[in-house]
Amino acid sequence: MPSDDRPALDRRAHLRPDPHLLDDLWTAPTTRVIIVAHGLIPTIAHDDGTRHIPYLTPDQASDLREQAITCYLGADAGLNTHDYIALLLGQEMPTFRAAKAAESPKPPHLLPWPDKVDWLSLGHLSPQLSAIDEAVARAASALAGWHPVATHCPECGSQTEVTDSGWVRTCPQDQGELYPRTDPVVIVRIRDDADRILLAHGAAWVEKRYSLPAGYVEAGETLEEAVIREIAEETAIEVDHVRYLGSQSWPMPRSLMCAFDAHARSTNILVDQVELSDARWFTRAELAAALERGEVRLSVPGAIARRVIDEWLTCESLPPV
């Protein structure tokens, strides 16, 4: 799967322990501030279908700083012309299903912005943003999903304090440190000997939505072992020749999607009726026709599942599995 692995955001993690970092950046004219409110990100749409994040200057965001958790995200990779800070508003668990601010609580007063600002979750945004906006939004969304569940020490129950520029929560009693957590998920493009692809419908999904089978990696398990186990559990299909394709951060709230290609040793499907309610084999012509008729809807553009499906759909010269 073609990709550009050069990061747009230099996270500059070595600067985070500096207790003066955030105060120093708050007075710098090159600092840009992204607001995340209840898990949603402000964006402005353009006529060409793209969007941009309307960053604030520290002066514009000064009234919000006392209400928010402040996090240093990093700088433009290779340029370092702007530093990015996130202000996280709303301490309850974010609602990532909401599509727009009208469906979710709004921040009280973000006066510099026009009415045309839409508040969206990252899942709706990735394909529409520039590389740097997407990277900034991804880091900010991940932290917004983590802070509300790390407010107390799991050892003694004490309320934790935000340290390391928003990337650590420290227990004041035992000095234990909590870090943002990432849960690996395997997502698998399964192909049979006829180069058909297996797409599945999740039991909780909207009607007609199909994507690649996926599942969380269990404790003590390799990614490849998780691929074989998850596919067998959900569809009763045995796979081999597992090949890594790439990954995508999906902080809703904290997943890392690890995409694989795999060969189907068997083709008889028996869905578990728990995680999945349906699964089907498609040729390229069958999937194209189903999409044209509106019988099947794929993952959102920008999601790694959609990218690997589209790669198969448009390219008949993929390496054999």
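**Chatting through a predicted model**

Modeller: Let's start with the rings: a search of the whole structure turns up two aromatic pairs. Keep in mind that this is a predicted model.

Colleague: Nice! What kind of pair do Tyr244 and Phe260 form?

Modeller: Tyr244 and Phe260 make an edge-to-face pair, with 5.6 Å centre to centre and 70° between the planes.

Colleague: Why do you give me both a distance and an angle?

Modeller: Because a pair of aromatic rings is described by the distance of the centres and the angle of the planes.

Colleague: Got it. Where in the chain do Tyr244 and Phe260 sit?

Modeller: Tyr244 belongs to strand 14 (residues 239-250) and Phe260 to strand 15 (residues 255-264). The two are 16 residues apart, and the pair links distant parts of the chain.

Colleague: And Phe260, buried or exposed?

Modeller: Phe260 counts as buried, because its relative accessibility is 1%. Tyr244 is partly exposed, with a relative accessible area of 46%.

Colleague: What about Ser165, what is its phi?

Modeller: Ser165 has a positive phi too, about 55°, although it is not a glycine. Ser165 lies in the loop between strand 8 (161-163) and strand 9 (168-170). Ser165 is buried, with a relative accessible area of 8%.

Colleague: Changing topic: how many disulfides does the search find?

Modeller: Zero, and that search covers the whole structure.

Colleague: Is Cys171 buried or exposed?

Modeller: Buried, because its relative accessibility is 1%. Cys315 counts as partly exposed, at 24%.

Colleague: Let's go inside. How many residues are in the largest nonpolar core?

Modeller: The largest nonpolar core has 50 residues, and those with the most contacts inside it include Leu9, Ile34, Val136 and Leu199. Helix 4 (residues 131-146) gives the largest share of this core, nine residues. A second, separate core has 20 residues, among them Ala37, Ala61, Leu87 and Trp119.

Colleague: Which residues does Leu199 touch?

Modeller: Leaving out residues up to four places away in sequence, Leu199 touches several, including Tyr210, Leu212, Phe282, Leu298 and Ile309.

Colleague: Now zoom out. How many helices and strands are there?

Modeller: The protein has seven helices and 16 strands. Its radius of gyration is 22 Å, close to the 20 Å that the globule rule gives for 321 residues, so it is as compact as a globular protein of that length.

Colleague: What share of the residues counts as buried?

Modeller: 48% of the 321 residues. The accessible surface comes to about 15,800 Å², and 50% of that belongs to carbon and sulfur atoms.

Technical notes:
Residues numbered from 1 in each chain as written. Predicted model: local features only at pLDDT ≥ 70, side-chain atom pairs only at ≥ 80, totals over all residues. Heavy atoms only, no water. Core = buried A, V, L, I, M, F, W, Y, C linked by side-chain atoms within 4.5 Å. Buried < 20%, exposed > 50% of the residue type's maximum accessible area, 1.4 Å probe, protein only. Helix = DSSP H or I, 4+ residues; strand = E, 2+ residues; numbered from the N terminus. Contact = heavy atoms within 4.5 Å. Disulfide = S-S within 2.5 Å. Rg over C-alpha atoms; globule rule 2.2 N^0.38 Å. Areas by Shrake-Rupley, 256 points an atom, 1.4 Å probe, with all protein chains shown as cover. Phe/Tyr/Trp six-rings, centres within 6.5 Å; stacked < 30°, edge-to-face > 60°.
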